[in-house]
Amino acid sequence: MKSYGQFCPVAKAAEIFCERWNALILRDLIGGPRRFSDLRRGVPLMSPSLLSSRLKWLAAEGVIERHGSECAHPTYSLTEAGRDFVPLVEALGVWGQRWTRRDLQDHEIDLGLLVWSLESSANPLAFGDRRCVVRLELTDQIDPKSLWWFLNESGRCELCLKDPGGDVSLYIACTLPDAIHVIRGDIALPTALASDRLEVIGEEWARDAFADWLNLGPLARVAPRRKSA
């Protein structure tokens, strides 16, 4: 890793935090321990070898720690030093919401990142003790990529590439860009529902819990300040 060659503590911290990908790795660890495969899904453009070396570096710097062995699918979590970066990550998110909001570019419409975001942030406890299958249909995608299932049971939400079986309690339909806009907070959830840009049908108890299950974070409520071009 390149050094600024300064003893200044700002420079030393920036060498760790500002190295490409590091802020995103820390972002994904804020929610709790993650396996290597989970972290890969949060940075799909990062090669596995680079992610592996970066995790080793962050561990050597005392920012993260590794638990378990290679055979047992080790997990990674933030140390006390890593948790001190949390306000910086959150502040970056707020700034990004305020000042970088604009129309999505083609390369930013990322299907894999969307379904990973839904799975990792969803609140399966919103449905109580019920087993609940949520089916998402992305109406603008080709067949192999149009249907996704989220199985909620035993306090976990699990993304399924195929129908996991059992009754589907909640059906969601929208385009991929609209789904991203809702997740980012560009379109308020009530507005998306009222305008039919997001369709939610199913059992009443599941519909009533949908907003809690979606579990949009505080960044979705940050209003943009960037003037339209």
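## Basis

Residues are numbered from 1 along each chain as its sequence is written, and side-chain values use heavy atoms, with hydrogens and water left out. Because the model is predicted, local features need pLDDT of at least 70 and side-chain atom pairs count only at pLDDT 80 or more, while totals for chains, interfaces and linings use all residues.

Helices (H or I, at least four residues) and strands (E, at least two) are DSSP runs, numbered from the N terminus. Two strands pair if DSSP finds at least two bridges between them.

## The three-stranded sheet

Three strands form an open sheet in the order β1-β3-β2, with antiparallel pairing. β1 (34-35) and β2 (64-67) stand at the edges; each has a single partner strand, so one side of each lacks a neighbour in the sheet. β2 and β3 (residues 75-78) run antiparallel and are joined by four bridges. R66 has Y76 in β3 as its bridge partner.

Helix α2 (residues 22-29) lies across β1, β2 and β3. The helix runs at about 95° to β3. Axes are lines fitted to C-alpha atoms, for helices over the stretch in contact (heavy atoms within 4.5 Å). Angles run from 0 to 180 degrees between N-to-C directions.

β4 is mostly covered, with five of its seven residues buried. Buried means under 20% relative accessible area, exposed over 50%, and partly exposed in between (1.4 Å probe, protein chains only).

β4 pairs with β5 in the antiparallel sense over six bridges. Here C132 stands opposite N152. With β7, β4 runs parallel, joined by five bridges. V134 stands opposite L170 in that strand.

## Two nonpolar cores

A nonpolar core is a set of buried Ala, Val, Leu, Ile, Met, Phe, Trp, Tyr and Cys residues joined through side-chain atoms within 4.5 Å. The largest has 32 residues, of which L138, F150, F210 and W213 touch the most other members. Elements that each supply at least two residues of this core include β4 (132-138), β5 (147-153), β7 (170-174) and α12 (210-214).

F210 touches L170, I172, L189, L198 and V200, leaving aside residues up to four places away in sequence. A second, separate core holds 21 residues, among them A23, I64, L78 and V86.

## Cysteines

How many disulfides does a search of the whole structure find? It finds zero. The criterion is a pair of cysteine sulfur atoms within 2.5 Å. For C8, the nearest cysteine sulfur is that of C18, 12 Å away. C8 is partly exposed, at 27% relative accessibility.

C174 is buried, at 4%. Its sulfur is 15 Å from the closest cysteine sulfur, in C157, which is too far for a bond.

## Positive phi and a distant pair

Most residues other than glycine have a negative phi. W21 has a positive phi of about 85°. W21 lies in the loop between α1 (9-17) and α2, and is buried at 14% relative accessible area. D196 also has a positive phi, about 65°. D196 sits in the loop between α10 (189-194) and β8 (199-202), and is exposed at 65% relative accessibility.

A91 is found in helix α6 (residues 86-99). A91 is partly exposed, at 45% relative accessibility. A91 and L219 are 128 residues apart in sequence but 9.8 Å apart in space, C-alpha to C-alpha.
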